[in-house]
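Dear colleague,

I am passing on the structure that you will find just below, and I would ask you to keep it open beside this message while you read. My notes on what was found follow it.

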Amino acid sequence: MRFLLEDTSRRAIRYLDFLDGRNVAPTPESVSGLDRLPVDLAQEPIDPKDVIAELDNIVSPATMAMAGPRFFGLVIGGSLPAALAANWLAGAWDQNSSIYDLTPGTARLEELALRWLISIFRLPQNCGGAFVTGDTLANFSALAAARHAVLARAGWNVESEGLIGAPEIRVVVGAEAHVSIFKSLGMLGLGRNRVIKVPVDNQGRMRADSLPALSSNTIVCTQAGNVNTGAFDPTGEICLRAHEAGAWVHVDGAFGLWAAAAPSRAYLIEGVERADSWATDAHKWLNVPYDSGLAFVRDGEALRAAMAVSAEYLPISKAHRDPSDYTPELSRRARGVEVWAALRSLGRSGLADLIERTCRYARRFAEGLREAGCEVLNEVVLNQVLVSFGDADTTKRIITELQDEGTCWCGGTVWQGHTAMRISVSSWATKDADVEKSLAAMLRIAAKNCKR
Ligand SMILES: Cc1ncc(COP(=O)(O)O)c(C=O)c1O
């Protein structure tokens, strides 16, 4: 074991050391190298050190350098040193962090991390929280609590009785709601398409003046941070309207909620704390290793009612918070460990710096691209930049060439009918020099293509 772990840590360190110098996307040869992985399961055991060598030699080169400083695709953070190291240690602990009395250490870390997060996001002090795999499951969990509460108010116990014959629930979403909201609604039996879509403005913000009539059987899903533009729905205003009618407001804040940590960005989330539930990710902007998401519910008992189970063999705690009372999973890894370690190592000022710095880099990208004559399609309020290099074909070609060239990696999207390249700056590892180097690559490739 000792030799294996030391050898593995050497390999992992070497991998991280090379991240800065390698192509961000794996080369076609590295991807073809995956064919060397055996297809059939061997009959006999293999020495673990050979297994790790095979993984490192074949798979490491075929990874995308998401942990590096110049990956700007989707919304993906790297792993902060303390978070990655905590992840290794927690792997050695191998705790099934479901029940306090079984794993008091990791359950306590979750409690503490939740407390810190509630304070960072300025949420109600007593709200319930859950550590889940990501924002999709956070949306699912929070909406399960919403479903419970809305139906309980109508005298229906959805966990016991299911949805067949239940009073109707109406769901209102913005026209730019993230797909994970629809997926969650589908998994909850509320239907991906049985929603009322509210029109949005040119940044993707829900227009509060176009909300339909709301009532106590309504769940309104707003967004803090549009995946394309970074824009925020007017959640505070929507909450006032919704709460007057007795409706539930859920906020999908996969990355946008973290604006709360940065003094210059905190205005974006004003009023968000009025909502009833919130979903966010830790694997995006907090830069903990995959996978890690968080759900918060003002009425923690609604979340508990939706998730908790008991059985004779489970040593359910009477005196403490059992993590699995709040999550879809029973057995689960101790995700709170990395979140705790990330927050402990950053402190409030380090977290503020991470969010401020990445937002500043997004503005620098926008400024450099605009100066070169490219069209920036969004108001760069957060860490997201949408850029068009002309017609759809030219923009797509530039994205492909940039990905192949390897300095950095950005993906594409279509924003309200316009094909665009997305730049999402979410990694702690990105420095000024990475931004300048990536911007230069973008402009070089754009200039070549726009000349044709
Ligand atoms: C607004 C929003 N919601 C939900 C998600 C889904 O998050 P995850 O992939 O962690 O489930 C994303 C991902 O980018 C997002 O931006």
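In which loop is the place of D291? D291 sits in the loop between strand 6 (277-281) and strand 7 (293-297), where helices (H or I, at least four residues) and strands (E, at least two) are DSSP runs, numbered from the N terminus. Y290 and D291 are joined by a cis peptide bond, with omega at about -5°.

Before going further, please note that this is a predicted model, in which local features need pLDDT of at least 70 and side-chain atom pairs count only at pLDDT 80 or more, while totals for chains, interfaces and linings use all residues. Residues are numbered from 1 along each chain as its sequence is written, and side-chain values use heavy atoms, with hydrogens and water left out.

Around the ligand there are 15 residues, of which D135, T136, D252, D281 and H283 come nearest; a residue is near a molecule if one of its heavy atoms lies within 4 Å of it. This shell divides into 4 nonpolar, 7 polar and 4 charged residues, with Ala, Val, Leu, Ile, Met, Phe, Trp, Tyr, Cys and Pro taken as nonpolar, Asp, Glu, Lys and Arg as charged, and the others, Gly among them, as polar. In the side chain of D135, a polar atom lies 3.1 Å from a nitrogen atom of the ligand, while a polar side-chain atom of T136 lies 2.5 Å from an oxygen atom of the ligand. For D281, an N or O atom of the side chain is 2.6 Å from an oxygen atom of the ligand.

Strand 9 (residues 384-388) and strand 11 (residues 418-424) pair over 4 bridges in the antiparallel sense, and V385 has I423 in strand 11 as its bridge partner.

Finally, two loop residues deserve a look. Q416, in the loop between strand 10 and strand 11, has a positive phi of about 45° although it is not a glycine. L74, in the loop between helix 3 (48-59) and helix 4 (81-93), is also a residue other than glycine with a positive phi, near 40°.

Note on methods: Polar contact = N/O pair within 3.5 Å; in protein donor to acceptor, adjacent residues only side chain to side chain. Pairing = 2+ DSSP bridges.
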